[in-house]
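The sequence and structure are shown first.

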Amino acid sequence: GDLFDRERYPWHETVRPADAAQVLYGTGYAQQKIWEHQHPADCNGAKFLTMLHWPIGIGALLHFLGRALSLAMELGRILVLSVEDFDPNPGEPGMPWYDSDL
């Protein structure tokens, strides 16, 4: 049966489609917004936020990726992953992303 009580939680159809009984609330909506942001119809004049990467655990990597995507969306930039490694000197502060107009 349907585990989702539509009368108790009458969410908008774009957030929880009728055929998505077993899908976490808002997942499809969030994925659509991220896809639209990351894949504009026209990239002319687009600005980018480049995320550098370094050898860390998967949890930390996903954390930084989420922060970088959030920042890119807030700044109106497309997030791209760099082919370069981020390797600061010991004790050197820094975030693993930088603003770029590529």
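## Terms and basis

A residue is called buried under 20% relative accessible area, exposed over 50%, and partly exposed in between, with a 1.4 Å probe and protein chains only. Helices (H or I, at least four residues) and strands (E, at least two) are DSSP runs, numbered from the N terminus.

This is a predicted model, in which local features need pLDDT of at least 70 and side-chain atom pairs count only at pLDDT 80 or more, whereas totals for chains, interfaces and linings use all residues. Residues are numbered from 1 along each chain as its sequence is written, and side-chain values use heavy atoms, with hydrogens and water left out.

## Overall architecture

The protein chain contains two helices and three strands. Read from the N terminus, these elements follow the order α-β-α-β-β. Of its 102 residues, 25% count as buried.

## Helix H2

Helix H2 covers residues 58-75, and its 18 residues should span 26 Å at 1.5 Å a residue; the expected span is 1.5 Å times one less than the number of residues. The end C-alpha atoms lie 25 Å apart, which agrees.

Phe64, Ala68, Leu69 and Ala72 are the buried residues named in H2. Seen down the helix axis, the buried residues of H2 fall within an arc of 140°, so they line one face; the arc is that of the directions from the helix axis to the C-beta atoms. On the other side of H2, Leu62 and Glu74 are exposed. Glycine 76 follows the helix, and its phi is positive, near 70°.

## Nonpolar core

The largest nonpolar core has seven residues: Leu49, Met51, Phe64, Ala68, Leu69, Ala72 and Leu79. Strand S1 (48-53) and H2 are the elements that give two or more residues to this core, and H2 provides the largest share, four residues. Such a core is a set of buried Ala, Val, Leu, Ile, Met, Phe, Trp, Tyr and Cys residues joined through side-chain atoms within 4.5 Å. In soluble globular proteins, nonpolar side chains tend to be buried together.

Threonine 50 belongs to strand S1 and is buried, with a relative accessible area of 3%. Threonine 50 and alanine 72 are 22 residues apart in sequence, and their C-alpha atoms are 8.9 Å apart in space.

## Nonpolar surface patch

Ile58, Leu62, Leu65 and Leu81 form a nonpolar patch on the surface, together presenting about 400 Å² of accessible area. Patches consist of residues with over 30% relative accessible area and no salt bridge, like charges being joined within 9 Å and nonpolar side chains (Val, Leu, Ile, Met, Phe, Trp, Tyr) within 5 Å. Areas come from the Shrake-Rupley method with a 1.4 Å probe; for residues, only the protein chains shown count as cover.

H2 contributes the largest share of the patch, three residues. Isoleucine 58 is located in H2 and is exposed, with a relative accessible area of 62%.

## Salt bridge

A salt bridge is a side-chain nitrogen of Lys or Arg within 4 Å of a carboxyl oxygen of Asp or Glu, and by this rule the count is one. The bridge joins the side chains of glutamate 36 and lysine 33, at 3.9 Å from N to O.

Glutamate 36 and lysine 33 are three residues apart in helix H1 (residues 27-38), a separation of about one helical turn. Glutamate 36 is partly exposed at 39% relative accessibility, and lysine 33 is partly exposed at 37%.
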